[in-house]
Amino acid sequence: MKFLLYACSGMLLVGMLDLPIGYYTLLRLTVSIGALAVIVTEFEDGFNVWIFIFGFILLLFNPIIPVHLNSKEAWVIIDLIVAIIFFAKTITINTNKTDE
């Protein structure tokens, strides 16, 4: 799980660059899978703020019905914020759960 969250965070940071559309399709798929994994894992402990945060991320990055924004700058900011959220979640996993 930690590797997936680190991969999502790293891919989001790379996604801030100007890359071919194929990368962004892969990014949407990977981030959606990572967000869904967090939702499923957190749901086992009941509802909490992580479920709502990653639910929103899942809706925003879903590859089936993509969200189109008018500017690349908006996506750069979103990618940075979401990368930080994935990294923060990884840190909470490291401190709250051992031997995952």
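Colleague: Where is Phe61 found?

Modeller: Phe61 sits in helix H3. Keep in mind that this is a predicted model.

Colleague: Is Phe61 buried or exposed?

Modeller: Buried. Its relative accessible area is 2%, and the cut-off for buried is under 20%.

Colleague: Which residues does Phe61 touch, leaving out those up to four places away in sequence?

Modeller: Leu12, Arg28, Val31, Ser32, Trp75, Ile78, Asp79 and Val82.

Colleague: How many residues apart along the chain are Phe61 and Leu12?

Modeller: They are 49 residues apart along the chain, and their C-alpha atoms are separated by 11 Å.

Colleague: Now Ser32. Where is its place?

Modeller: Ser32 belongs to helix H2. Ser32 counts as buried, because its relative accessibility is 7%.

Colleague: What is Ser32 in contact with, leaving aside neighbours within four places in sequence?

Modeller: Leu58, Phe61, Asn62 and Pro63.

Colleague: On to the helices. At what angle do H2 and H3 pack?

Modeller: About 155 degrees, with the axes 9 Å apart. H2 covers residues 21-43 and H3 covers residues 49-61. Angles over 145 degrees count as roughly antiparallel, so H2 is roughly antiparallel to H3.

Colleague: Which residues make that contact?

Modeller: From H2, they include Arg28, Val31, Ser32 and Glu42. From H3, they include Trp50, Phe54, Leu58 and Phe61.

Colleague: How do the residues of the contact divide into nonpolar, polar and charged?

Modeller: There are 13 nonpolar, 2 polar and 2 charged residues in the contact of H2 with H3.

Colleague: Is the crossing of H2 and H3 left-handed or right-handed?

Modeller: Left-handed.

How values were computed:
Residues numbered from 1 in each chain as written. Predicted model: local features only at pLDDT ≥ 70, side-chain atom pairs only at ≥ 80, totals over all residues. Heavy atoms only, no water. Axes fitted to C-alpha atoms, helices over the stretch in contact; angles between N-to-C directions. Helix = DSSP H or I, 4+ residues; strand = E, 2+ residues; numbered from the N terminus. Parallel < 35°, antiparallel > 145°, perpendicular 65-115°, else oblique. Left-handed = near helix turned anticlockwise from the far one by under 90°. Contact = heavy atoms within 4.5 Å. Nonpolar A, V, L, I, M, F, W, Y, C, P; charged D, E, K, R; others polar. Buried < 20%, exposed > 50% of the residue type's maximum accessible area, 1.4 Å probe, protein only.
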